Amino acid sequence: MEVTGKLVKKLAAESGVSKSGKEWKKQSIVIDTGGEFNNEVCISAFGDKMDSMNKLEIGMDVSVLCNVYSREYNGRYFHNIDGYFFSNKSNEQPKAVVGSEEDLPF
């Protein structure tokens, strides 16, 4: 799934140790998609994905490829959105239109 919009907030990094003894770290960002309803989406990055996420700055237009999944706990469902590819769209040039009607030789 791809989420695009303006980066509005970076949340504090979290870390800990899993039950199996492995260390983990995670950080989340909030993106304003510009939609009419529910326009803010919180996306998390784990481990080395945090490095590419931290290259983004607040106010940038960004695009994030992510996995969306849910899990059940005590009859309730909890959702996660984990980003795996983060890109800055602020510097992209609009694509040129090729072959407009004014370019025709007749």
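Which residues does Ile29 touch, not counting residues up to four places away in sequence?

**Figure 1. Overview of the predicted protein chain.** This is a predicted model, in which local features need pLDDT of at least 70 and side-chain atom pairs count only at pLDDT 80 or more, while totals for chains, interfaces and linings use all residues. Residues are numbered from 1 along each chain as its sequence is written, and side-chain values use heavy atoms, with hydrogens and water left out. The protein chain holds 1 helix and 6 strands; helices (H or I, at least four residues) and strands (E, at least two) are DSSP runs, numbered from the N terminus. Along the sequence these elements follow the pattern β-β-β-β-α-β-β. Of the 106 residues, 24% count as buried, where buried means under 20% relative accessible area, exposed over 50%, and partly exposed in between (1.4 Å probe, protein chains only). The accessible surface comes to about 8100 Å², and 51% of this area belongs to carbon and sulfur atoms; such areas come from the Shrake-Rupley method with a 1.4 Å probe, and for residues only the protein chains shown count as cover. Among contacts between residues at least 6 apart in sequence, 51% join residues at least 24 apart, a contact being heavy atoms within 4.5 Å.

**Figure 2. Ile29 and its surroundings.** Ile29 is placed in strand 3 and, at 0% relative accessibility, counts as buried. Not counting residues up to four places away in sequence, Ile29 touches Leu7, Lys9, Lys10, Val41, Cys42, Ile43, Met53 and Phe86. Between Ile29 and Val8 there are 21 residues of separation in sequence, and the C-alpha to C-alpha distance is 7.8 Å.

**Figure 3. The largest nonpolar core.** A nonpolar core is a set of buried Ala, Val, Leu, Ile, Met, Phe, Trp, Tyr and Cys residues joined through side-chain atoms within 4.5 Å. The largest one has 15 residues, of which Ile29, Ile31, Ile43 and Phe86 touch the most other members. Two or more residues come to this core from each of strand 1 (2-10), strand 3 (23-32), strand 4 (40-46), helix 1 (49-53) and strand 5 (61-73). In soluble globular proteins, nonpolar side chains tend to be buried together. The residues touched by Ile31, apart from those up to four places away in sequence, include Val3, Val8, Val41, Ile43, Val62 and Val64.

Figure 4. Two strands pair if DSSP finds at least two bridges between them. Strand 1 is joined to strand 5 by 5 bridges, and these two strands run antiparallel; here Gly5 has Val62 of strand 5 as its bridge partner. Strand 1 also pairs with strand 3 in the antiparallel sense, over 4 bridges, and Lys9 stands opposite Val30 in strand 3. Strand 2 (residues 14-17) runs antiparallel to strand 3 and is joined to it by 4 bridges, with Gly16 opposite Trp24 in strand 3. The hairpin of strand 2 and strand 3 has 5 residues between the strands, and in this hairpin Gly21 takes a positive phi near 95 degrees.

**Figure 5. Ser28 and its polar partner.** Ser28 belongs to strand 3 and counts as buried, with 7% relative accessibility. Its side chain makes a polar contact with the side chain of Ser44 at 2.8 Å. A polar contact is a pair of N or O atoms within 3.5 Å; within protein, one must be able to donate a hydrogen and the other to accept it, and residues adjacent in sequence count only if both atoms are side-chain atoms. Beyond residues up to four places away in sequence, Ser28 touches Lys10, Leu11, Cys42, Ile43, Ser44 and Met53.

Figure 6. Cys42 counts as partly exposed because its relative accessibility is 39%, whereas Cys66, at 2%, counts as buried. A disulfide is a pair of cysteine sulfur atoms within 2.5 Å, and by this rule the count comes to 0 disulfides.

**Figure 7. Two asparagines with positive phi.** Most residues other than glycine have a negative phi. Asn38 is not a glycine, yet has a positive phi of about 45 degrees. Asn38 is placed in the loop between strand 3 and strand 4 and counts as exposed, at 73% relative accessibility. Asn74, also not a glycine, has a positive phi of about 55 degrees. The loop between strand 5 and strand 6 (76-88) holds Asn74, which counts as exposed at 64% relative accessibility.
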